[in-house]
Amino acid sequence: MNVKSIYEQAIGARFEQLHPLLKKKYGKQLGTLTATGTMNHIRGSVVYRPVARIFARDDFLFPERGRNVPFTITNTYHLSPQVVDWDRTFYFQKNVRTFFARMYWDTSSEQILDRLGRSGRFMQPLAFTVTSNGALLITSEQSFIRLFGRYVKLPKRMSAKVNVYEEAIDDEHIHIFVHITLIGTVMMYEGVATIVEQK
């Protein structure tokens, strides 16, 4: 049986308008995909660094900032249940940090839900838009927190607005831009990655 990836389900017919390199990444259904690259700039407000240190224990946010930071991304695609694990590892001079997320297709709301950190304590619904140049824009404006076994919607002022922009520069390289806002910029990073392995 041909099962569409969770991203193809979310995007719909416009999935075919994605650049072939992005279709490879977001159309995969099972196995792993690894990419390596360099983040040109990782930045964000110093106000959130104490909080980020706490979240770092859960492989969520982290306090480090810098330029030309090497990184790897490993996506693991599962079919039963249909989820995708995202492991982003950043190699700073003094620390190695991981930003983990698990995305899955929610049949009741017909959207992808993104659980952040190893614990999945925070969750955000994601919206996907294919741009005219075959790039992908991922956005979210509402955050949820898990309390007593269920997710509770956070007030708008406490919700992180997320914008992720990915475009294929050529047949090998993907440009990545991530902006997470929470009363100012919690984190922003941008860089270039190359897919190096698929299994």
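# Briefing: pockets, cores and backbone of a predicted model

The lining of the largest pocket consists of 31 nonpolar, two polar and four charged residues. The structure is a predicted model, in which local features need pLDDT of at least 70 and side-chain atom pairs count only at pLDDT 80 or more, while totals for chains, interfaces and linings use all residues. Residues are numbered from 1 along each chain as its sequence is written, and side-chain values use heavy atoms, with hydrogens and water left out.

**Largest pocket**

- The volume of the largest pocket is about 660 Å³, a volume being the space filled by probe spheres set on grid points that are joined across faces, edges and corners.
- Of the 37 lining residues, Phe 60, Leu 116, Gln 124, Ala 160 and Ile 180 are the closest to the pocket's centre.
- On a 1 Å grid over the protein atoms alone, a pocket is an open set of points with protein on both sides within 12 Å along at least five of seven lines, a cavity is a set where a 1.4 Å probe fits but cannot get out, and lining residues have an atom within 4 Å of a point.
- Strand β6 (residues 122-130) contributes the most to this lining, with four residues; strands (E, at least two residues) are DSSP runs, numbered from the N terminus.
- In the classes used here, Ala, Val, Leu, Ile, Met, Phe, Trp, Tyr, Cys and Pro count as nonpolar, Asp, Glu, Lys and Arg as charged, and the others, Gly among them, as polar.

**Cavities**

- Two cavities of 30 Å³ or more are found in the whole structure.
- The largest cavity holds about 50 Å³ of space, and its lining has seven nonpolar, no polar and two charged residues.
- Residues lining the largest cavity include Lys 25, Glu 166 and Ile 195; β1 (31-43), β11 (173-181) and β12 (185-198) each give two or more residues to this lining.
- The second largest cavity holds about 40 Å³, and among its lining residues are Tyr 77, His 78, Val 83 and Val 84.

**Nonpolar cores**

- The largest nonpolar core has 53 residues, and Tyr 7, Phe 90, Phe 99 and Leu 136 have the most contacts inside it.
- Such a core is a set of buried Ala, Val, Leu, Ile, Met, Phe, Trp, Tyr and Cys residues joined through side-chain atoms within 4.5 Å, where buried means under 20% relative accessible area, exposed over 50%, and partly exposed in between (1.4 Å probe, protein chains only).

**Arg 102**

- Arg 102 lies in strand β4 (residues 96-106) and counts as partly exposed because its relative accessibility is 35%.
- Beyond residues up to four places away in sequence, Arg 102 touches His 78, Val 83, Val 84, Asp 85, Leu 113, Asp 114 and Arg 115, contact meaning heavy atoms within 4.5 Å.

**Backbone features**

- Most residues other than glycine have a negative phi, and most peptide bonds are trans.
- The peptide bond from Ser 80 to Pro 81 is cis, with omega near 0°, and Pro 81 lies in the loop between β2 (66-77) and β3 (83-91).
- Asn 68, in strand β2, has a positive phi near 50° and counts as exposed because its relative accessibility is 56%.
- Glu 110, in the loop between β4 and β5 (111-116), has a positive phi near 55°.
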